[in-house]
Amino acid sequence: MTTELPSFSACDALVAVMVAVSASDQTMRTSELVAIQRMVDHAPVFAEYDDDRIRAVSQTVISLFEEEDGLDALFGLIRDALPEKLYETAYALACDVGAADGRLYEGEIEMLAEIRHQMRISRLHAAAIELSAQVRHRVL
């Protein structure tokens, strides 16, 4: 049974996308959580965001993951809150979280595919965004 869903701000929706990628493989790794915090602290889109909201948004995402139609509800919340011009930004942030620990796990790959689908990211743009995340997170 679904409880009343909160409404998200655009920044909440961006955080929700990042948390969804991190939680998609049932393990939220420290490197992923640090990446989320770092992006909220430094990305221009979050300049006015109250990062105390991260915990509440994360709890909403985790709760929705436990519901039968929770993923659909989550993407409904995200699309309602996020202007279309930020869809590729959301995907870029999601890719950065996925790449943060040096590899993509099966659940993360599936979640990124779902984000691409839900946000209608073109394959060409997605490939560029993915490569960009990959090269930013390379190590020696």
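Me: A helix here is a DSSP run of H or I with at least four residues. In this predicted model, how much of residues 12-126 is helix, and how much is strand?

Reply: Over residues 12-126 the chain is 70% helix and 0% strand. The UniProt record, in an unreviewed entry, lists residues 12-126 as "domain: Co-chaperone DjlA N-terminal".

Me: Why are helix 1 and helix 6 called roughly antiparallel?

Reply: Two packed helices are described by the angle between their axes and the distance between the axes. Helix 1 (residues 10-23) and helix 6 (residues 106-118) pack at about 150°, with axes 8 Å apart. Angles over 145 degrees count as roughly antiparallel, and helix 1 and helix 6 are therefore described in that way.

Me: What makes Val17, Ala20 and Val21 part of the contact with helix 6?

Reply: Contact requires heavy atoms within 4.5 Å. Those residues of helix 1 meet Glu108, Met111, Leu112 and Ile115 of helix 6. By class, this contact has 6 nonpolar, no polar and 1 charged residues; Glu counts as charged.

Me: Which elements give two or more residues to the lining of the largest pocket?

Reply: The largest pocket has a volume of about 310 Å³. Of its 14 lining residues, Cys95, Ala99, Leu104, Glu130 and Gln134 are the closest to the centre. Helix 5 (87-99), helix 6 and helix 7 (123-136) each give two or more residues to the lining. By class, the lining has 7 nonpolar, 3 polar and 4 charged residues.

Notes
Residues numbered from 1 in each chain as written. Predicted model: local features only at pLDDT ≥ 70, side-chain atom pairs only at ≥ 80, totals over all residues. Heavy atoms only, no water. UniProt positions renumbered as here; feature names shortened; annotations may be inferred. Axes fitted to C-alpha atoms, helices over the stretch in contact; angles between N-to-C directions. Parallel < 35°, antiparallel > 145°, perpendicular 65-115°, else oblique. 1 Å grid on protein atoms, 1.4 Å probe; cavity = no way out; pocket = protein on both sides within 12 Å on 5 of 7 lines; lining within 4 Å. Points joined across faces, edges and corners; volume = space filled by probe spheres on them.
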